[in-house]
Amino acid sequence: MDKMLGRKSYIAVFVLPALLIFVSFVLIPLVISGTYSLFEYDGIGKMKFLGLQNYIDMFTADRYFPKAVANSLVLVAASLLIQLPISLILALVLAHGVKGEKFFRTVYFVPVVISSMVIGQLWMKIFHSEYGLLNILISAISGDTFDYSWLSNSKTAFLSTVVPAVWQYIGYHLLIFYAGIKSISTEYYEAAQIDGATKWQTNTKITIPLLTPVIKTCVIFSITGSLRSFDLIYVMTGGGPNHASEVPATLMYNNLFRRGLYGYGSAQAFFIVIECLLFTFIISRIFKKSEQNASAI
């Protein structure tokens, strides 16, 4: 009994610093933000209780917020349908052994460690209407001068930010998939090889089912990261032109720090948190049966 209590005390000592940081920088600000979201507050004057009116106004009185939510969902779809499949395919190729495996693994991960501010500036140069690499390539292929303004046109501004957002974190998910594949016992592959299974059958019947918990984690990271995306879009377009590339986080920033609408901005911030938690719960429920099947293999 004394040993158990001693072990628990040691565990508590090591867990306490992380717990204090979590409570101080996540939980308390979240509670404060949720409280402010129920009031009309400019950060200086008196707080006027509104109840859920700020949340109602987001979808009824604010003409930009529904569009911002739709943009974030487009980013979610791009992450799930483009980013994750590419990451998984590259991880499968690298994990099964290719020449220069370590080199490619490092190269794919480089964009992840580069600041989003730097990534944004890089892609702004690529999409620049006068000297951008994309227009230069199109001009070279077509033989005519092409000077399209990708970031200043409301039809293409947001999609131009989706491309670098998807590209930047391919290496992040690749590394997670790669580690998951490497952790799978080689006995499964040896048995499949004896039975004459092809690589396609091995990947679809063994690797991917056993990767279900890893895939669930990457899906959750991808969705929540897309829903709270801010820095890359803010650097490249600032939410423009004419609010065409707004996402909830950019609107929240403008309302909080430019317009001084602390109550309304806090409601938008809290909405992002609720949205992330809701999607996390849904994904966990969807993958629950698949995880049980994977553990039974």
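Student: Which element gives the most to the lining of the largest pocket, and with how many residues?

Tutor: α11 gives the most, with five residues. The model is predicted, so local features need pLDDT of at least 70 and side-chain atom pairs count only at pLDDT 80 or more, while totals for chains, interfaces and linings use all residues. Residues are numbered from 1 along each chain as its sequence is written, and side-chain values use heavy atoms, leaving out hydrogens and water.

A pocket is an open set of points on a 1 Å grid over the protein atoms alone where a 1.4 Å probe fits, with protein on both sides within 12 Å along at least five of seven lines; lining residues have an atom within 4 Å of a point. A volume is the space filled by probe spheres set on the points, which are joined across faces, edges and corners.

The largest pocket has a volume of about 500 Å³. Its lining is made of 20 residues, and Y169, G225, S226, R228 and S229 lie nearest the centre. Two or more lining residues come from each of α3 (65–95), α7, α8 (170–182), α11 (212–227) and α12. Helices are DSSP runs (H or I, at least four residues), numbered from the N terminus.

The second largest pocket, with a volume of about 310 Å³, is lined by 14 residues, and A95, H96, Y189, T202 and N203 lie nearest its centre. Here α8, α9 (186–194) and α10 (199–210) give two or more residues to the lining. The largest share, four residues, comes from α9.
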